[in-house]
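Biologist: I have a new model on my screen and would like to learn how to read it. Could you walk me through a few features?

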Amino acid sequence: LPDSSHPCATATGFPPPAGRTEDLRTTVMIRNVPSNYTRDRLRELLDAEGFFGRYDFMYFPTDFRTASALGFAFVNLASPADATHFRAHFGGFRQWAARTSKVCNVSWASADQQGLEANIERYRNSSVMHGSVAEEHRPLYLVNGVPVKFPKKTKRLWPPHESFGFRAHSK
C-alpha cells in the first residue's frame with residue numbers, strides 16, 4: 001500500500017519518484033492562448049473557470065510592437081493541489097471567449113520559476129516592470145484573487161529593448 005502520509009504524496013497516495021518534485025510544483029505555463037486575449041481577459045477566464053483566489057501570480061507576455069499576446073502565460077497556483085487541478089482542467093481546453101481552434105496546453109514551468117517567491121524575484125527587476133511599460137503588460141501579483149502592488153524593485157530598471165516580445169514573422 002502507498003504511504004499517503006508521505007509529505008509529497010500525490011492524490012493517488014504514492015510519493016513522487018525519487019528525484020522528481022512535480023507534486024511540490026505550483027507554477028505552470030499555459031500555451032496556445034488566443035493572440036487577441038489580454039491579461040485581464042485571461043484572468044477573467046481563469047476566475048470564471050473556478051480558479052478565483054487559487055492563483056497569486058500571472059504573467060502574460062505581449063508583443064510590445066503590436067500589443068498582441070505571445071500565446072503563453074505563467075500562472076502560479078496557491079498550492080500543489082490547485083496546480084494539479086489547473087493542469088487537468090485547462091489541458092486540452094477549447095472554450096475560449098474568442099473564436100479560435102487553439103487547444104490549450106499546460107505544462108510545468110521550469111524549476112527556477114517555481115513558486116510565488118521565485119516569480120516575484122524573477123520579474124521585480126525585469127525591464128517589463130519599467131515605467132515605460134503599460135500596467136496591462138506587466139506581471140500581476142494577487143492576494144485572495146485581488147491584484148495588489150507588485151513588490152518594489154531592488155535594482156535600477158532599464159526600459160525593454162525595442163524588440164522585447166517581438167515575434168519574428170517569416171515572409
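**Aromatic rings and a helix**

Modeller: Let's start with Phe93, which counts as buried at 4% relative accessibility. Buried means under 20% relative accessible area, exposed over 50%, and partly exposed in between (1.4 Å probe, protein chains only). This is a predicted model, where local features need pLDDT of at least 70, side-chain atom pairs count only at pLDDT 80 or more, and totals for chains, interfaces and linings use all residues. Residues are numbered from 1 along each chain as its sequence is written, and side-chain values use heavy atoms, leaving out hydrogens and water.

Biologist: Which residue forms an aromatic pair with Phe86?

Modeller: Rings of Phe, Tyr and Trp (its six-membered ring) pair if their centres lie within 6.5 Å; planes under 30 degrees apart are stacked, over 60 edge-to-face, the rest tilted. By this rule there are 11 aromatic pairs. Phe51 and Phe86 make an edge-to-face one, 5.0 Å centre to centre with 70° between the planes. The partners sit 35 residues apart, Phe51 in helix α1 and Phe86 in helix α2. (Helices are DSSP runs of H or I, at least four residues, strands of E, at least two, numbered from the N terminus.) Both Phe51 and Phe86 are buried.

Biologist: What about Phe93 and Trp96?

Modeller: They pair edge-to-face too, at 5.2 Å and 85°. Trp96 is buried, with a relative accessible area of 8%.

Biologist: Which residues do ring pairs link into a cluster?

Modeller: Tyr37, Phe51, Phe86, Phe90, Phe93 and Trp96.
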